[in-house]
Amino acid sequence: MGAGQSSSAENHAAGVLETKLRGSGDLTVLERAFECLSLSSDETGKQALIQRKKLEGCFGLAPLAVRDDGISQISQIMASVGSAIVGEYFDAEHETFDWNQLLEGYQKIIEATGVEHLKALFSVFFRASGTALEDPKSKVSKSENEGEGADITSISETQLQNFLLLCWVLMCHTRLPTKGNVTESGGVLEISLPNINSLMSAAVSACEKKSKGETSAEQIGREMVFSISNVSSWILSTIPALSECLVRYVRAQLTRIPVLSKVDSHDEQNRTTTSQSAESEEAGRTSDDKQEPENAKKDVLLLHSGTAWAVGLSLKDYTAAEILFRASCGIVEAADVELPTLLYRSSLHGRGLNRFWTCVDGYRAPVIVLISAQTQEESSPGAVFVMGTLVSSGFENKESSYGASGCCLYSVEPLFCPFRTSGKEKYYVYSHKHTPGAVYRAQPANEGIGLGGSYGKERVWLDKDFATLTVRHHAVDKTYHPGGLVPGQGFSPVSAQMLEIEIWGLGGVKAEQDQAKFLNRENLFSEQRRKIALFLRGSEQIDLAAFGNWENSPEKMMMEMMADPNAGRRQER
């Protein structure tokens with residue numbers, strides 16, 4: 001009788017959870033996943049169950065593989081991720097799982113908060129690394145009461161680096177196309193790990209400051225060991241989106257299970273045929289296709305995969321962050337996938353505010369600006385650093401500041417750190433270029449690009465020639481949070497020689513199309529004004545049919561007023 005009551009309670013709890021999931025559409029995903037995973041070759045008539053190995057395989061990281069780059073631990077950890085996820089979210093002891101247990105595991109995912117997600121992410125990492133590696137350093141990661149359920153208290157530098165790289169791999173796998181030759185071919189897809197040196201340096205620096213005077217931070221051998229609480233605090237304040245990578249990965253895998261099941265049902269002959277066709281396509285590619293990646297080498301761009309990932313993790317705008325994540329992965333093969341658009345690069349388009357403005361004018365979407373400069377100060381001559389900013393709605397040619405709270409300043413290299421808006425002032429962005437034919441002013445507005453601070457005393461100022469970058473102390477700025485944009489910056493302004501500047505659009509295809517329409521319209525108006533000026537001087541005849549809808553155009557009104565200046569007054573009378 002007690003067993004019957006227990007079963008009834010479990011069914012009631014499952015029914016309540018099913019009702020919650022039905023509204024969001026997750027119930028359909030889970031039902032399809034359970035139907036595919038619980039299929040067995042024998043018809044026993046028993047309750048449908050999922051084998052543990054099959055569930056672990058679905059949460060595995062195949063077909064991704066890391067190229068040999070000296071960090072062999074990541075490959076070993078990746079092989080144990082599936083079993084670690086099943087042990088964390090579902091059950092570490094059961095060999096089979098029924099429908100109710102699948103619902104309970106999914107409930108742990110959707111009902112957790114950001115801190116709980118991050119805690120589960122650390123737990124999965126240590127489960128995977130504990131299974132894959134027999135490293136004596138891993139002992140410092142658990143409390144004194146060694147055991148399976150011991151709490152994680154600290155993490156070493158090497159473990160922290162592997163943890164961040166594993167998060168990046170999970171994010172890349174989440175963004176694999178569900179259909180196409182990547183997921184359905186059954187082959188191996190090699191990826192290159194990003195450069196996360198600036199992230200690691202920022203994490204170590206922040207944790208060292210917080211751990212001063214604490215016994216939880218110590219040096220074992222040549223490595224520092226930091227408390228998990230300090231690392232978690234840094235992640236949530238600097239790159240908060242990192243805590244969501246495991247949850248999004250599990251959800252994506254449950255969605256893909258029907259597709260993965262179809263892949264497993266393919267026979268070996270189909271896989272061989274697919275691989276042979278892929279080899280023939282590779283051999284049949286033209287030399288231009290093979291040289292295409294060389295035209296935009298990621299290692300020479302300021303927006304490389306590591307920077308794109310770090311900036312994306314710090315953003316609140318999900319659409320812009322998603323575009324940066326795809327660029328960070330570098331494995332997207334679909335033609336319709338939106339990626340960052342290189343609007344302007346000083347070494348490619350030329351330096352100066354005029355050339356810059358012809359490339360970014362009319363782009364009304366978030367843009368990320370990256371500036372590489374070399375200091376000219378006597379205290380640290382020749383020091384190269386990279387800083388950046390996110391402009392939430394594109395650049396505007398104005399004599400006053402503009403922007404919104406979504407803007408952000410960045411220290412990119414050697415330490416990555418975002419400086420978000422404080423809400424105290426609203427001097428987000430200033431960009432101005434003198435336009436030809438403007439009204440003469442005794443004191444014209446400054447030409448250049450400014451960030452933060454106030455007019456004439458911007459926290460960051462780039463002159464109109466794009467030659468000198470001036471960075472003032474954060475004390476002059478109340479718009480953005482305080483912090484050093486230049487390594488070792490003091491109270492005096494730092495003058496640096498600008499080496500490179502890149503502007504990347506994060507608005508997708510729609511923003512590009514809107515900018516193209518804007519530029520075409522501006523070119524049309526410029527050509528009309530030029531022809532009208534020549535016509536008034538008697539130098540050219542105008543073909544009115546070429547002007548489109550001439551009757552409603554402002555040029556027609558202007559020409560009528562020039563021919564009869566009193567026409568407007570007569571209409572008023």
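Trainee: What is the mean pLDDT of the protein chain?

Mentor: The mean is 78, and 71% of the residues reach 70 or more.

Trainee: How should predicted coordinates be read where pLDDT is low?

Mentor: They should not be read in detail.

Trainee: Changing topic. How many salt bridges does the structure hold?

Mentor: It holds 9. Side chains of opposite charge can pair when their charged atoms come close.

Trainee: Which residue does glutamate 56 form a salt bridge with?

Mentor: Its partner is arginine 52, and the closest N and O atoms are 3.0 Å apart.

Trainee: How many residues apart are glutamate 56 and arginine 52 in helix H3?

Mentor: They are 4 residues apart in helix H3, which covers residues 52-58, so about one helical turn separates them.

Trainee: Is arginine 52 buried or exposed?

Mentor: Arginine 52 counts as buried because its relative accessibility is 11%, and the cut-off for buried is under 20%.

Trainee: What about lysine 510, which side chain does it meet in a salt bridge?

Mentor: Lysine 510 meets aspartate 514, at 3.0 Å from N to O. Both lie in helix H18, residues 508-536, and they are 4 residues apart, about one turn of the helix.

Trainee: Is lysine 510 buried or exposed?

Mentor: Lysine 510 is exposed, with a relative accessible area of 57%. Aspartate 514 has 35%, so that residue is partly exposed.

Trainee: Now arginine 127. Which side chain meets it in a salt bridge?

Mentor: Arginine 127 pairs with glutamate 88, at 3.4 Å from N to O.

Trainee: What is the relative accessibility of arginine 127?

Mentor: It is 33%, so arginine 127 counts as partly exposed. Glutamate 88 also counts as partly exposed, at 21%.

Trainee: Last one. Which residues are linked in a network of salt bridges?

Mentor: Arg175, Glu322 and Arg326 are joined in such a network.

Note on methods
Residues are numbered from 1 along each chain as its sequence is written. This is a predicted model: local features need pLDDT of at least 70, side-chain atom pairs count only at pLDDT 80 or more; totals for chains, interfaces and linings use all residues. Side-chain values use heavy atoms; hydrogens and water are left out. pLDDT is the predictor's confidence in each residue, from 0 to 100. A salt bridge is a side-chain nitrogen of Lys or Arg within 4 Å of a carboxyl oxygen of Asp or Glu. Helices (H or I, at least four residues) and strands (E, at least two) are DSSP runs, numbered from the N terminus. Buried means under 20% relative accessible area, exposed over 50%, partly exposed in between (1.4 Å probe, protein chains only).
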